[in-house]
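This note sets out a few points for a colleague to check against the coordinates.

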Amino acid sequence: MIFDENELLSGEKLKKLQLERLQKTVKNVYENVAFYKNAFEKKGVKPDDIKSLEDITKLPFTTKQDLRDNYPYGMFTVPMEKIVRIHASSGTTGKPTVCGYTQNDIETWSILMARVFAAAGVTKNDIVQNAYGYGLFTGGLGAHYGAEKLGAAVVPISGGNTKKQIQLLGDFGSTCLTCTPSFALYLYDAGKELGVDFSKLPLKVAILGAEPWSEGMRKEIEEKLSIDAINLYGLSEIIGPGVSFECIEEKSGMHINEDHFIAEIIDPATGEQLPYGSKGELVITTITKEAFPLIRYRTKDITVLSEPAKCSCGRSFAKMARVTGRSDDMLIIRGVNVFPSQVEDVITKFSSLSGHYQLVIKREGRLDTLTIEVEATDEFARSVGSVVMSDGTEALAVTHEKVEALKHNLKKDIKDLIGVTTEVKLFMPKTLPRFEGKAKRVIDKRVI
Ligand code: ADP
Ligand code: ZN
């Protein structure tokens, strides 16, 4: 279903609206954000040079680093009195990326998310169990406002709380579930253990996103929970969830809300714009945001854009394929963005650790686990002693209280700074691999 008429815009009408909005946005950032004035000048471009949509390639890119350099509010175009909401997503050095919204931005976002629910067949008669996390993360509140905008009844349960989730699915008769795809499967496993028959629940549809998943996973979720599973994409910097979404009619690629965002695919190495159908990095320009508009934001997400064509849902908005990877090293562990450099920063603060480490990610059961394998220094190893294992290798005396304390402190600092719970394995000095070229720090064993 369609939520509002603008969703049906296509062809020249859409292009005309996009150009008007782009020109307005470009002028706004040039006049109100020092970063953009400088960046435009460096590229030798002025707002008046943007005469057609193709001229977008004349504009500079914006990166996460730029947002960090202007932390916290340097990219906002309006005074603080106009800001009504602040969200944040994890940055690479412990400093988050800060996203501000005016009242109109919240209204826009709510409409975009209402479109997502409508496209998934949700109506005001539905009950939406919103298991995205509420808080600084945009998932929870984004879905919440969208479902309310549509007129559905929202159950704001937030993430976690598995037993309660399962109880409410039955007792409240939730018909729509919003969460990460891995959490949907986790709920299924937990429910099964409690003897829940998912085919008897009123649940019809799940709107899943915030992390990469596959067609195989969709099939598994749909079969096990007896529902339709819909893909939803977004990122805080751009607005949050609701940048693009699948329609239940086709479930093949996510329609981009093109009346609010201009999407491009670029070659991540050269920055050159690529034609429809090419695989590359998604770049987005926001054309209606007031507080925090972004010009050519490099999402680092790798995907393919398909040429706009009329879809059986009625929309003609271009579709983007599933995100298949990232052009940077960001990891998503249980919905939390983690950069290896953040972990490294924490590790290097410990004088008992050698600085050699490796991050091992697995999907155990349904959820991601992150194990940090780190090496002790010679000095530390000598001070606690070692034991010879059954296979002849030497290991640290793991029961030693100094070993336990070190592991505990590392775990705690990582949890405090990055927000993700980890396992820590402490290794003897010089036992982790060394690299002559680029170090391979991440061993991702997840099969999704
Ligand atoms: P959010 O709060 O919306 O999750 P974040 O900024 O924390 O936003 O994370 C955004 C990132 O999450 C995206 O850049 C992308 O890498 C990933 N992501 C979000 N939705 C999806 C999806 N449906 N499929 C794959 N990756 C996704
Ligand atoms: Zn469609």
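**Notes on the predicted model**

1. Glu281 is buried, at a relative accessible area of 0% (buried denotes under 20% relative accessible area, exposed over 50%, and partly exposed in between, with a 1.4 Å probe and protein chains only). Its side chain meets that of Arg298 in a salt bridge of 2.6 Å, N to O (a salt bridge is a side-chain nitrogen of Lys or Arg within 4 Å of a carboxyl oxygen of Asp or Glu). The pair links distant parts of the chain, with Glu281 in strand S12 (residues 279-286) and Arg298 in strand S13, 17 residues apart. Arg298 is likewise buried, with a relative accessible area of 13%.

2. On conventions, the model is predicted: local features need pLDDT of at least 70, side-chain atom pairs count only at pLDDT 80 or more, and totals for chains, interfaces and linings use all residues. Residues are numbered from 1 along each chain as its sequence is written, chains are lettered from A and ligands numbered from 1 in the order in which they are written, and side-chain values use heavy atoms, with hydrogens and water left out.

3. The zinc ion (ligand 2) is coordinated by Cys247 (SG), His255 (NE2), Cys311 (SG) and Cys313 (SG), at 2.1 to 2.3 Å (donors are N, O and S atoms within 2.8 Å of the metal, or 3.2 Å for Na, K and Ca; water is not among the atoms, so sites may look incomplete). The angles among the four donor atoms are 100 to 117 degrees, and the site is tetrahedral (four donors qualify if all angles lie between 85 and 135 degrees). The spacing of the donor residues in sequence is C-x7-H-x55-C-x1-C. His255 lies in strand S9 (residues 254-256) and Cys311 in the loop between strand S13 (297-306) and strand S14 (319-320), so this pair ties together parts that are 56 residues apart in sequence (helices, H or I with at least four residues, and strands, E with at least two, are DSSP runs numbered from the N terminus). Both His255 and Cys311 are buried.

4. The protein chain is divided into domain 1 (1-327) and domain 2 (331-444), with bounds from an automatic or database domain assignment. Their centres, taken over C-alpha atoms, are separated by 34 Å. The contact takes 17 residues from domain 1 and eleven residues from domain 2 (contact means heavy atoms within 4.5 Å). Two salt bridges are counted between domain 1 and domain 2. Arg366 and Glu220 meet through their side chains in a salt bridge (3.1 Å, N to O).

5. The structure holds 32 salt bridges. In one of them, the closest N and O atoms of Asp259 and Arg115 are 2.8 Å apart. Asp259 lies in the loop between S9 and strand S10 (261-266) and Arg115 in helix H4 (residues 103-119), so the pair ties together parts that are 144 residues apart in sequence. Asp259 and Arg115 are both buried.

6. A cis peptide bond, with omega of about -10 degrees, joins Tyr71 and Pro72; Pro72 is in the loop between helix H3 (64-69) and strand S1 (83-89). Asn161, which is not a glycine, has a positive phi near 55 degrees and is exposed, with a relative accessible area of 51%. Ser226 also has a positive phi, of about 55 degrees, although it is not a glycine; at 38% relative accessibility Ser226 counts as partly exposed.

Technical notes: Tetrahedral: all angles 85-135°; square planar, octahedral: opposite > 155°, others 65-115°.
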